[in-house]
Amino acid sequence: MRWMIAVALVALMGCKQESAEKPQQPAGEATPPAAAKKLVVGFSQVGAESAWRTAETKSIRGEAEKRGVDMKFSDAQGKQANQIQALTSFIAQKVDVIVLAPVVETGWEVVLTQAKEAGIPVILVDRGIKVSDESLYTTLIASDFVEEGRMAAEWLAKKTNGKANIVELQGTTGSAPAIDRQKGFMEVLQKFPDMKVIKTQSADFTRAKGKEVMEAFIKSDRANIQAVYAHNDDMALGAIQALEEAGMNPGKDVTLISIDAVKGAFEAMVAGKLNATVECNPLMGPLVFDTINKVRAGEKVPKFIQNKDQLFEQANAAQVIGTREY
Ligand code: GYE
């Protein structure tokens with residue numbers, strides 16, 4: 001009898017210990033197989049410079065949570081050095097996959113070679129890179145920024161009858177969207193000899209710098225500014241503020257077009273202060289994790305997975321604003 005109690009006690013203790021270690025596992029359920037182990041993803045994000053970026057972060061983090069992915073998130077505060085450090089740490093931690101939103105296009109060879117050697121696939125999101133060896137990343141999920149630049153220029157040409165002195169607010173120097181949005185825009189301008197970019201400067205994709213740079217443009221060339229092309233909405237919103245403070249009429253005396261199509265841009269269009277915006281979709285969480293699953297299942301994925309974008313203008317802003325998710 002006594003030994004029976006002892007055995008029962010030991011069994012009970014064993015059970016207790018197990019349930020203390022695995023509190024979430026309901027009693028009686030088998031230990032999950034090794035394959036069901038949580039996926040570990042390291043996500044190196046640029047920062048939080050714009051409303052677009054905040055929406056992207058929310059989408060990717062939200063989807064990770066929904067799918068039970070263990071996501072290690074690192075905010076680089078706009079610095080490539082911080083991203084390289086984050087990637088080095090992800091590699092040391094042996095994450096399953098790295099998701100990288102690269103701040104600039106160049107300078108990734110060394111750290112991506114380390115990821116490759118460690119057998120960790122790298123998925124680029126929203127911005128591309130320039131590397132001599134394309135096998136250093138698996139795929140890029142992004143919009144076509146050159147096309148966005150073209151769309152902006154075509155729209156502006158139509159709006160101004162092919163005649164405008166334009167000031168350009170560029171995104172972060174060396175970043176894919178700044179380079180390509182300028183490229184696409186200038187390509188279309190070739191067809192319109194009376195459309196000229198009279199001033200161009202980086203405002204780093206932020207509203208504060210957009211305002212600052214626009215103030216400088218107004219100071220030096222006020223009478224000549226007829227249009228503003230901003231590489232993102234935040235900078236256009238900053239420019240609107242600068243124009244208003246200078247007693248000018250954004251959306252009327254000065255035509256403004258930007259890129260992203262965030263909520264703030266729709267509000268400015270409804271208020272008549274911004275004329276148009278080209279969408280750049282940041283809601284890529286679901287696509288990112290679907291792609292990760294395919295890559296892990298050994299499926300071949302295209303080198304470039306493109307988000308499709310469209311242009312919105314003042315005329316339909318009020319109608320559309322309620323349907324926008326970011
Ligand atoms: O347009 C801008 C941001 O990389 C596509 O970065 C992204 C750009 C986006 O900060 O607002």
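This tour moves through the ligand site, one selection at a time. The model is predicted, so local features need pLDDT of at least 70 and side-chain atom pairs count only at pLDDT 80 or more, while totals for chains, interfaces and linings use all residues. Residues are numbered from 1 along each chain as its sequence is written, and side-chain values use heavy atoms, with hydrogens and water left out.

Select the ligand. The ligand sits in the largest cavity (a set of points on a 1 Å grid over the protein atoms alone where a 1.4 Å probe fits but cannot get out; sitting there takes more than half of the ligand atoms within 2 Å of its grid points).

Next, show the surrounding residues (a heavy atom within 4 Å). They number 13, and Glu49, Asp126, Arg127, Asn232 and Asp260 are the closest. By class, this shell has 5 nonpolar, 2 polar and 6 charged residues.

Now pick single side chains. For Glu49, a polar side-chain atom lies 2.4 Å from a ligand oxygen. Arg181 has a side-chain N or O atom 2.9 Å from an oxygen atom of the ligand. For Asn232, the distance from a side-chain N or O atom to a ligand oxygen is 2.9 Å. The protein buries 100% of the 300 Å² that the ligand exposes when taken alone (Shrake-Rupley method, 1.4 Å probe).

Finally, colour helix H2 (51-66) and helix H6 (176-189): each supplies at least two shell residues (helices are DSSP runs, H or I, of at least four residues).

Note on methods:
A polar contact is a pair of N or O atoms within 3.5 Å; within protein, one must be able to donate a hydrogen and the other to accept it, and residues adjacent in sequence count only if both atoms are side-chain atoms. On a 1 Å grid over the protein atoms alone, a cavity is a set of points where a 1.4 Å probe fits but cannot get out, and a pocket is an open set with protein on both sides within 12 Å along at least five of seven lines; lining residues have an atom within 4 Å of a point. Ala, Val, Leu, Ile, Met, Phe, Trp, Tyr, Cys and Pro count as nonpolar, Asp, Glu, Lys and Arg as charged, and the others, Gly among them, as polar.
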